[in-house]
Amino acid sequence: MATVELRFSALPEHVRTARLVAAAVARRAGVDEAVLDEVRLAVGEACSRAVGLHRNSGVTAPVKVALIEEEKQFSIEVGDEAPHAVPGADTPGAQDGDAEIEEDEMGLAVISGLVDDVEVTTGQNGGLIRMTWPTAPPVTALL
């Protein structure tokens with residue numbers, strides 16, 4: 001299992017770099033060329049979401065991206081350290097954050113539309129989006 005890890009400051013201009021690296025590593029891992037655009041878009045959306053959460057919460061920690069190549073699949077994990085509301089909890093000033101929550105839900109909907117296998121976990125100490133794609137075995141040329 002090979003893993004590439006990225007950490008970048010929560011600035012929008014770094015999202016493009018994460019997208020480019022993710023596409024290059026996905027290609028090398030054997031992700032079908034036809035879905036590489038989906039990989040780029042999903043990573044861009046997940047990283048933009050993490051950047052927004054960090055900036056809105058005043059978190060100075062870097063956004064973390066792990067690109068994981070396994071035997072028959074390729075996964076990307078985008079992690080943030082922004083506190084997330086616990087479902088069902090009464091949050092003071094919740095109306096102030098309604099627009100942010102709606103934007104966050106929209107971003108997750110876009111990611112779910114692009115990737116068949118998505119896991120989202122959130123909590124008081126941050127969140128993680130794990131996206132997984134199947135890989136094809138390397139093709140060997142016959143002589």
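How many bridges join strand 3 to strand 5? Eight, between residues 73-80 and residues 126-134, and the two strands run antiparallel. Helices (H or I, at least four residues) and strands (E, at least two) are DSSP runs, numbered from the N terminus, and two strands pair if DSSP finds at least two bridges between them.

Keep in mind that this is a predicted model, where local features need pLDDT of at least 70, side-chain atom pairs count only at pLDDT 80 or more, and totals for chains, interfaces and linings use all residues. Residues are numbered from 1 along each chain as its sequence is written, and side-chain values use heavy atoms, with hydrogens and water left out.

Within strand 5, Thr-132 is the bridge partner of Ser-75.

On to the charges: there are seven salt bridges (a side-chain nitrogen of Lys or Arg within 4 Å of a carboxyl oxygen of Asp or Glu) in the structure. Among them are these:

| Pair | N to O distance |
|---|---|
| Arg-27 and Glu-33 | 2.9 Å |
| Glu-69 and Arg-28 | 3.5 Å |
| Arg-40 and Asp-37 | 2.5 Å |

Glu-69 belongs to strand 2 and Arg-28 to helix 1 (residues 15-29), so their pair ties together parts 41 residues apart in sequence. Arg-40 and Asp-37, by contrast, both lie in helix 2, three residues apart, or about one turn of the helix. Salt bridges also link Glu-70, Glu-77 and Arg-130 in a network.
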